[in-house]
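My entries follow the order in which I looked things up.

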Amino acid sequence: MTHRGARMLRVEGLARVEGEGALRVGVEGGTVTDVELQIYEPPRFFEALLRGRAHTEPPDLTARICGICPVAYQMSACRAVEDACGVAVSGPIADLRRLLYCGEWIESHALHVHLLHAPDFLGLDDAVALARADRASVERGLRIKQAGNALVERIGGRAIHPVNVRLGGFHRAPDRAELAGLVPALRKALDDALETAAWVGGFDYPDDRGDQPFLALSDPAHYAIDAGTPTVLRADGREARPFPLTEFEQRVVETQVSYSTALRSTLDGERHLTGPLARYAVNGRQLSAPALDAARAAGLGDIREGEVCRNPYRSIGVRAVETVYALGEALRIIEAYRPPPRPYEPVPARAGTGRGATEAPRGLLYHRYRLDADGLIEDACIVPPTAQNQGAIEDDLRRIAQAGLDLPDEALTRCCERAVRNHDPCISCSTHFLDLTVERK
Amino acid sequence: MNGRVVVVCVGNEYRRDDGAGPRVAAMIDHRVPEGTKVALSDGDPIRMLALWEPEDVVVVVEAAHVHPSHPGRLHRLDADRAALTTRAASSSHGLGPGEAVQLADVLGRLPRRLVVHAVEGTDFGWGTEPSAPVAAALPALAGRVLDEVAAAWRGVRARDADPVAESAS
């Protein structure tokens, strides 16, 4: 291996991430000088097109931002508009929301763990190669994902862009028998998910550590999914510090860079990370006993003993653990479920501003709406997790590319691709994504 | 009965020519023989794999990127060729129908027969209206799909009538 003064790597398309974009890594004199995550897909202006629309419309309109996590958009939108209108949804309707959200976590995590991320740890090109090498693991992932798909379809009305969600709840609430029909597949999926946690625990993980502040919702009632308070855990701090959602836009500030069409964010002026690692660090003690067992099997240690994982490669383990948790939570909710007297709470319009935040599979998703007295939207703000994570992904790339500069171009490119996939970026949310260029001068 | 006929219409109706699949679904839904399953798909391979059983005949309807491009031109691909196609990166995490066919093959989940009918698109931007060449080609595409479905049902009935001969053929 030689140390070259100038090199350039180019990847025409980064596989196994959502959307399109490019990555440029500049190297000069053996040092990575700059990293640019270049998201060039045209912005979609959802916040602008929401202006003038009725307060009842954001759940359906914003669901179209993403085909992977439409439930997250629906739930954050509902919470924000209901907040503006002074309505709080509770009881079985809130349980149904959490159940629907569990379905989205299960299907999203199962897809990423088994088909998108695992091949990186096994030296395989893609899910098809993994299926050839380890058919049983892919079959197991398919069963888990299908259990999540079925949950979303049963409650949401259809698997893609659910149509049964409305402001205040649902157009129609399922009866107990409809949900009970899902139980056998969910139980089987739970067994499968425990096996997956042990499977990923056997992978070889590069030794790495990110030092960005973590941002996740926290909820005293349970592991935050569908609600919670923004909470920050800094790399040098053991104590998680919450802040009111009303301060979100003062703390999480969006900025524009010339090389990306997607807005990015900083938290109190620093690049931060949201998503599975942040959730696990902030809320891991609230996981169920089976999920905590799965965490140990996945090699994450014991969060109750304060073992915070900051290795981005190990996000696959956290996703496996969260899948176990979500399946158990789904079974718990179904067991206790009694249909609500009516499937939704009325949400009459009033003038005001409301905010809502939930934990999308990829991290904290924030919505804010300002309504006039007729309920028409005057202003909207949506801050998705992948948009927030762009800076942290660049930090990881800078660190990982610097450590791998001695590698041949092809190997270094694969390292960079892996570094991006650690965060399961959803570019259609942030706006879309990825070609890679490394310039060495 | 020895399997069904399943039509999987892939695409996004809000991405112009990518909506060819869903548009064909609307055109044929009430014209297919009873028992035919017409399903919409966003191309997610795992959802696609759940749409059929091994004994089914599957007709996939898709918009295609082709280079060099002849927008509106129709294509018919069998499973082997379909597996060689990969979807543009705008699909879910870079996985699409081509990967679905490859995964089905590796996992032993290929249906009895899988055929893809595709129209070459040219505009996959935001919007609900297809480009003029694709819009003009959609009736012919729907007609080809209906012919394929009719032929598939003839095969199903022949197998029902003489399963030994059909399995040996």
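**Entry: α6 and α8 of chain A.** I looked up the handedness first: α6(A) passes α8(A) in a left-handed crossing. I used the rule that a crossing is left-handed if the near helix is turned anticlockwise from the far one by less than a right angle, and right-handed if clockwise. The contact takes in A:S137, A:R140, A:R143, A:I144, A:A147 and A:A150 from α6(A). From α8(A) it takes in A:A185, A:L186, A:K188, A:A189, A:D192, A:A193, A:E195, A:T196 and A:W199. Two residues are in contact if their C-beta atoms, placed from the backbone, lie within 7 Å. By class, the residues of this contact are eight nonpolar, two polar and five charged. Ala, Val, Leu, Ile, Met, Phe, Trp, Tyr, Cys and Pro count as nonpolar, Asp, Glu, Lys and Arg as charged, and the others, Gly among them, as polar.

The axes of α6(A) and of α8(A), residues 183-201, come within 9 Å and cross at roughly 135°. Axes are lines fitted to C-alpha atoms, for helices over the stretch in contact, and angles run from 0 to 180 degrees between N-to-C directions. The two helices are therefore oblique to each other. Angles under 35 degrees count as roughly parallel, over 145 as roughly antiparallel, 65 to 115 as roughly perpendicular and the rest as oblique.

**Entry: what I am reading.** The model is predicted; local features need pLDDT of at least 70, side-chain atom pairs count only at pLDDT 80 or more, and totals for chains, interfaces and linings use all residues. Residues are numbered from 1 along each chain as its sequence is written, and chains are lettered from A and ligands numbered from 1 in the order in which they are written.

Entry: Helix α6(A) covers residues 135-156. Helices (H or I, at least four residues) and strands (E, at least two) are DSSP runs, numbered from the N terminus. From first C-alpha to last, the 22 residues of α6(A) reach 31 Å, close to the 32 Å expected at 1.5 Å a residue. The expected span is 1.5 Å times one less than the number of residues.

Is α6(A) mostly covered or mostly open? It is mostly covered, with 16 of its 22 residues buried. A residue is buried if 20 or more other C-beta atoms lie within 10 Å of its own, exposed if 12 or fewer, and partly exposed in between, with C-beta atoms placed from the backbone. I checked A:E139, which sits in this helix. A:E139 has 15 other C-beta atoms within 10 Å, so it is partly exposed. After the helix comes A:G157, with a positive phi near 95°.

**Entry: α13 and α14 of chain A.** I then turned to α13(A), residues 385-403, whose axis comes within 9 Å of that of α14(A) and crosses it at roughly 150°. The two are therefore roughly antiparallel, and their crossing is right-handed. In α13(A), A:I393, A:D396, A:L397, A:I400 and A:A401 meet A:L412, A:C415, A:C416, A:A419 and A:V420 in α14(A). I count nine nonpolar, no polar and one charged residues there.

α14(A) has 13 residues, 409-421, which should span 18 Å, and its end C-alpha atoms are 18 Å apart, which agrees. Its buried residues include A:L412, A:C416, A:A419 and A:V420.

**Entry: chain B.** I found six helices and five strands in chain B. Of its 169 residues, 48% are buried.

I looked at α1(B), residues 20-28, and α5(B), residues 132-161, whose axes come within 9 Å and cross at roughly 55°. That makes α1(B) oblique to α5(B). The crossing is right-handed.

**Entry: positive phi.** Which residue other than glycine has a phi near 50°? A:D268 does. A:D268 lies in the loop between β10 (264-267) and β11 (273-274) of chain A, and counts as partly exposed with 14 C-beta neighbours inside 10 Å. B:R16, not a glycine either, has a positive phi of about 45°. B:R16 is in the loop between β1 (5-10) and α1 of chain B, and is buried, with 23 other C-beta atoms within 10 Å.
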